[in-house]
Amino acid sequence: MLSENAKKEIEREMAKYPEKRAVILAALHLVQKEEGWISQDAMEEVASLLDLTPIEVREVTSFYTMFNMRPVGNHHLQVCTNLSCALMNGRGVVEYIQRKLGIEVGETTGDERFTLSTVECLGSCGTAPMMQIGDDYHENLSEPKIDSILETLK
Amino acid sequence: MELYLTKNFGKPNAIAMAGYLKHGGYRALRKVLKKMEPKDVVEEVKDSGLRGRGGAGFPTGLKWSFMPQETDGPKYIACNADESEPGTFKDREFLEKEPQMMIEGLIISAYAMGVNTCYIYIRGEYATQTKILQQALAEAYEKKFLGRNILGSGFDCDIYVHRGAGAYICGEETGLMESIEGKKGQPRKKPPFPANFGLWGRPTTVNNVETFAQVPHIINKGASWFRGIGTEKSTGNTIFGVSGHVNKPGAYELPLGYGLKDLIYKDAGGIRNGRELKAVIPGGSSVKVLPADRIDVPLDHDSLTNAGSSLGTGAVIVMDDTTCMVRVGVVLAHFYRHESCGQCTNCREGSAWLHQLMVGIENGQGKIEDLDLLMDVADSLEGSSICALADAAAWPVQGLVTHFRDEFEEHIKTGKCTSPDSFRI
Ligand SMILES: Cc1cc2nc3c(=O)[nH]c(=O)nc-3n(C[C@H](O)[C@H](O)[C@H](O)COP(=O)(O)O)c2cc1C
Ligand code: FES
């Protein structure tokens, strides 16, 4: 269930547009912020707030890569594997994290702390290789830097 | 050479309103509201020769003149801050370092086209930049540069931020509008064009972040000043983003028409680890690669088109002699396959086929005939779908197979990579 605050925020967002439906991405971002992912229940709730059918919300949710349709760990490590990062050994970053956490891409650690994903270009090509964790960008990655980032997230 | 876009980037306070005002910010908006008719603003931008910085290089003033002057309902502007063309990181510079410049340009553009509501469509991953932007807009409202009766002129304008959620296709202008309306970002058929039928069926203009950021400078210093920078048909400065195997990757403000070779060797410090250059993608992942012996070319629209590539977003991806071009093909083909929105059969199936063929070659299962097949599939993709994503999937493949055919053949014959030290995928 969405919090009262989130519902108020959705109300406020509606004032920006001539149609309610336009707030769907904002609503889904709020759901994900509160719950970590977008469940069927959440899609139904968003649908009823926006006078849409659940399938209409599902259709949108599944179109956008940022929305997790399955639960993820507390920290979602998203490593860019597009060209500029790949040239700077982005694959090495993925492999190092895999070894360190003992998971493959798409998996979550047993303690549910970390999920590892690969993503397309995030606009940090000049500071490659990079990954995003939550809202934060981590750039110019090296193994020691990854160690210290993961350390602070424990 | 004069820096006017990035001059204050990184200075204390440039990110805040106080700093922007101290550096002469919002003088252009005052001038426009006091002394210029909307149509004069459109003319000035037309005269400047400004071309869109989002990738296609369409003349900005001309685009604005397509907007109907009088209408009986709302008109809209959408500022494209989706920045998702791989290799591109220039719009971020404006958003992070001096967001008021783009906001001032957006308000001036709204005045020029008689628009009262603007949306900034920012890619969802730019969460930090979204916060900076929200703060910047709040400050602009506070100073009465936004809202009702701006600076007593009688002109009203609101700007709202709309966050995307991860989809390259939403950078395409009609996909972007679908996404603002709360739908899947699947591009619309044109015509009707956005100037007649855009957001919610109303006249709409879409421009890139940097395009708007150029506008206050054109107003302050005049169209002829702007035309004096760059080349005859590619005017003004731009921010080139250099990435890959150079010593100093980063964002460089330079005039259009600047030499690609100088950008790589002088500004970006040359190839890292003392290696040799192998190839450059000069305008973001969608444009055709240039082999090292073809980089003596000015970075402007005409010169790059003549050189068999494109200026695109000015995102320069540099590859040294360790780079396996088949792997480059796999990475790029994967991207377009992943990002095809799925509505056009050609693009959906064709981009997947290109990727499959590239992966086959990389894994040692390629056949010599695959090279002609890659070219055939790419050629038939061009111009075959509603938006230009199919073209964007085709061009890099055509470029790679044309210029590096020998390497592809070698890879197929030996069943493995010819560059033992290449980056891995
Ligand atoms: C697949 C695709 C993705 C695009 N992505 C972007 C983008 O992220 N940012 C952008 O400004 N333009 C992008 N464009 C170009 C826009 O459709 C449009 O031409 C541009 O925003 C217009 O602005 P401008 O005239 O100021 O360049 C993209 C085009 C296509 C076909
Ligand atoms: S290629 Fe990784 S951020 Fe652009």
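Residues are numbered from 1 along each chain as its sequence is written, and chains are lettered from A and ligands numbered from 1 in the order in which they are written. In this predicted model, local features need pLDDT of at least 70, side-chain atom pairs need 80 or more, and totals for chains, interfaces and linings use all residues, while side-chain values use heavy atoms, without hydrogens and water.

Visitor: How many aromatic pairs are there over all chains?
Guide: Rings of Phe, Tyr and Trp (its six-membered ring) pair if their centres lie within 6.5 Å; planes under 30 degrees apart are stacked, over 60 edge-to-face, the rest tilted. Searching the whole structure on that basis gives 20.

Visitor: What is the angle between the planes of Y111(B) and F155(B)?
Guide: The two rings sit 5.4 Å apart, centre to centre. They pair edge-to-face, with the planes at 80°.

Visitor: Which residue has a backbone N or O atom 3.0 Å from an oxygen atom of ligand 1?
Guide: A polar contact with the ligand is a pair of N or O atoms within 3.5 Å. S84(B) has a backbone N or O atom 3.2 Å from a ligand 1 oxygen. At 3.0 Å, the residue is E173(B).

Methods
Polar contact = N/O pair within 3.5 Å; in protein donor to acceptor, adjacent residues only side chain to side chain.
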